[in-house]
Amino acid sequence: MKIALPDGWRLIAKNETVSTNEDVKALPSGSDKVAVCAEIQTGGRGRMGRRWISPKGNLYVSICLDLGGLRQAEIYSFLSAAALACAIEKVCSGIEVKCKWPNDLLVDGRKVSGILLETDGVGRLIVGIGVNIIDCPEEQMLYPVTSLAKCGFRVTREMVLEELLRQFDFWQKRLNDEDGKSAVLNAWKRKAYGIGKKIVVNLPDKREEGTFDGLDNDGYLLLNKGGEIIKVTVGDVFFGSAGRNENG
Ligand code: BTN
């Protein structure tokens, strides 16, 4: 794979692998700004222990960041989603990408991309990104799905990856500014899907219903339950009061 990389970045391109997140975990310590991508994953993983079916044609990439003790790790969920949304909008002229909390991307209300953030034992953050370029495997997906091709955009995974790394590098540098964290959260909020809408949140131990009131300054989802505000740190969000019906 031949793409232009931002200064200081390295790309390892594979034909087939189990999971690019696992490949990144096997990189030597000190690896930073290294991206591993593969044409096919045989054991691609999604959030909450789910599978990420990974046929040829889509983008599967994991970014290794050495944040020096995982400083600001949580904000990378929003940084990654905002950077990817900007990248897709750049290469697919006229598309409208929405960010669904915490880090899914939607086009026409359907999931086009998923992000899996993990840490390893040596203080690195792994940002695993899957983008449906051509195919949109339905199996095991909780939400309606789509692909860029289905939405009418003929782009390659190379085009999306090159712009993604450029945007990622830009937002990472922006994060170092004094107002960097709020700039990243605002970039995400500008593209937020469904603020003010009814949502159901499946928390690890229970299910809560209310209105999506936006984010707090740390990126927690604010769920308004008849005036009581609940801060959600982890969960699956469904729009529409019945839960799983309206869209992802
Ligand atoms: C989700 O559940 O929405 C997150 C999906 C993340 C998939 C990507 S594809 C590249 C990287 N390697 C993996 O095994 N998973 C992530």
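**Close-up views of a predicted model**

**View 1. Lys-33 has its place in the loop between α1 and β2 (34-41).** Helices (H or I, at least four residues) and strands (E, at least two) are DSSP runs numbered from the N terminus. The model is predicted, with local features needing pLDDT of at least 70 and side-chain atom pairs counting only at pLDDT 80 or more, while totals for chains, interfaces and linings use all residues. Residues are numbered from 1 along each chain as its sequence is written, and side-chain values use heavy atoms, with hydrogens and water left out.

**View 2. The peptide bond from Trp-101 to Pro-102 is cis.** The omega angle of this bond is near -5 degrees, and Pro-102 itself belongs to the loop that lies between β4 (97-100) and β5 (104-107).

View 3. Among the polar contacts (pairs of N or O atoms within 3.5 Å), a polar side-chain atom of Gln-41 lies 2.9 Å from a nitrogen atom of the ligand, whereas for Arg-45 a backbone N or O atom lies 2.7 Å from a ligand nitrogen atom. A polar side-chain atom of Lys-111, in turn, lies 2.6 Å from an oxygen atom of the ligand. Taken alone, the ligand exposes 420 Å² (Shrake-Rupley method, 1.4 Å probe), and the protein buries 98% of that area.

**View 4. A salt bridge joins Lys-25 to Glu-118.** In this pair the closest N and O atoms are 3.4 Å apart, within the cut-off for a salt bridge (a side-chain nitrogen of Lys or Arg within 4 Å of a carboxyl oxygen of Asp or Glu). Because Lys-25 lies in helix α1 and Glu-118 in strand β6, the pair ties together parts that are 93 residues apart in sequence. The structure as a whole holds 22 salt bridges.

Key
A polar contact is a pair of N or O atoms within 3.5 Å; within protein, one must be able to donate a hydrogen and the other to accept it, and residues adjacent in sequence count only if both atoms are side-chain atoms.
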